[in-house]
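Here is a short briefing on one protein chain. Keep the structure in view as you read, and find each element as it comes up.

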Amino acid sequence: MTITLGTPLARVRTRVVVPLRFPDGYETSAEVHTFTGLADGREHLALALGDWRAALADSSIGGPAPLVRPHSECLTGDVFGSERCDCGPQLREAVERISETGGFLLYLRQEGRGIGLYAKLDAYALQDTGLDTYQANLALGHGEDERDYTPAAQMLAALGADRIRLLSNNPDKATQLATLGIEVAERIPTGVHLSEANARYLTTKRDHTAHTIDLPLAG
Ligand SMILES: [Zn+2]
């Protein structure tokens, strides 16, 4: 576990406007930030959405903190619409909700809960033999969840957003960010994006890690 002390400071490297259009027609615009000094050297991004400058100004005088969603990269879900998980719909929802109130989507390059893309696909194959998503990671010699939110905290600090409203169902994200010096003023749950294909995945996530997911399923 990383701690605040000794966490190197990151700085904003560049900022560029990217118009976004999702497959369902939803459009918004992001100011995409890149950084220097991120702890793991990966190319993480912060998408500043909506009136994020006003949100930061409001927060500095005690108003609502900017809405922030740390989203871990999921190539299959984000790009190809995989129904094995709910990452694509989660990303789509987060972009719209943050655009409405002003804040940041942190796009974190930690695929497959940090184990990488190939290992994630290997884990899918194991899941098809009956293991759940966490057991499969362990069977491959990985941790259940290897994600590290140090770069997320560094990006927020560099953006001046050290006080946030966290859009997440994952209590571990809130805990890690708080440990890393980010004040989580509020945790706001995301919607549930249930399909036949991801029902088992979501149920496991809820039961295994105390995710706050309100599933309309028995058990
Ligand atoms: Zn996914």
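In this predicted model, the largest nonpolar core has 35 residues. Six of them touch the most other members: L49, V68, F104, L105, L106 and L156.

**The core**

- Which element gives the largest share? Helix α6 does, with 6 residues.
- Leaving aside neighbours within four places in sequence, L105 is in contact with L47, L49, R69, H71, A94, V95 and I98.

**The sheet**

- Seven strands form an open sheet with mixed pairing. Their order is β1-β2-β3-β5-β4-β6-β7.
- β1 (11-21) and β7 (183-188) stand at the edges. Each has a single partner strand, so one side of each is left without a neighbour in the sheet.
- From one strand to the next, the twist averages 30 degrees.
- Strands of a sheet pair through backbone hydrogen bonds, and the pairing can be parallel or antiparallel.

**Strand β3 and its partners**

- How many residues of β3 (residues 45-49) are buried? The count is 4 of its 5 residues, so the strand is mostly covered, since a residue with 20 or more other C-beta atoms within 10 Å counts as buried.
- On one side, β3 pairs with β2 (residues 27-36). These strands run antiparallel and are joined by 4 bridges. Here A30 stands opposite L49.
- β3 also pairs with β5 (residues 103-108). This pairing is antiparallel too, over 5 bridges. Here L47 stands opposite L105 in β5.
- L49 belongs to the core residues that touch the most other members, and L49 is also a contact of L105.

**A parallel pair**

- β4 and β6 run parallel, joined by 2 bridges.
- V68 has L166 in β6 as its bridge partner.
- V68 is also among the core residues that touch the most other members.

**Helices on the sheet**

- α1 packs on the sheet and touches β3, β5 and β6. The direction of α1 makes about 110 degrees with that of β5.
- Helix α7 (residues 171-179) lies across β4, β6 and β7. It runs at about 170 degrees to β7.

**Three annotated cysteines**

- UniProt, in an unreviewed entry, marks C74, C85 and C87 as "binding site".
- C74 sits in the loop between β4 and α2 (75-79). C85 is found in the loop between α2 and α3.
- Is C74 buried or exposed? C74 is buried, because 23 other C-beta atoms lie within 10 Å.
- C85 counts as buried as well, with 23 C-beta neighbours inside 10 Å.
- C74 is in contact with C85, C87 and E111, leaving aside neighbours within four places in sequence.
- C85 touches C74, G77, N198 and Y201, not counting residues up to four places away in sequence.

- Most residues other than glycine have a negative phi.
- R113 is not a glycine, yet has a positive phi of about 55 degrees.
- R113 lies in the loop between β5 and α4 (117-127).
- Why does R113 count as buried? R113 has 20 other C-beta atoms within 10 Å.

**The whole chain**

- The chain has 8 helices and 7 strands.
- Its C-alpha atoms fill a box of roughly 50 × 40 × 30 Å, taken along the principal axes.
- A compact globule of 219 residues would have a radius of gyration near 17 Å. The chain has 17 Å, which agrees.
- Buried residues make up 35% of the 219 residues.
- Among contacts with a separation of 6 or more, 62% are between residues 24 or more positions apart.
- UniProt places "domain: GTP cyclohydrolase II" at residues 22-189, in an unreviewed entry. This span is 39% helix and 23% strand. Its end C-alpha atoms lie 22 Å apart.

How values were computed:
Residues are numbered from 1 along each chain as its sequence is written. This is a predicted model: local features need pLDDT of at least 70, side-chain atom pairs count only at pLDDT 80 or more; totals for chains, interfaces and linings use all residues. A residue is buried if 20 or more other C-beta atoms lie within 10 Å of its own, exposed if 12 or fewer, and partly exposed in between; C-beta atoms are placed from the backbone. Two strands pair if DSSP finds at least two bridges between them. UniProt positions are given in the numbering used here, feature names are shortened, and annotations may be inferred rather than shown by experiment. The radius of gyration is taken over C-alpha atoms; the globule rule is 2.2 Å times the number of residues to the power 0.38. Two residues are in contact if their C-beta atoms, placed from the backbone, lie within 7 Å. A nonpolar core is a set of buried Ala, Val, Leu, Ile, Met, Phe, Trp, Tyr and Cys residues joined through C-beta atoms within 7 Å. Axes are lines fitted to C-alpha atoms, for helices over the stretch in contact, and angles run from 0 to 180 degrees between N-to-C directions.
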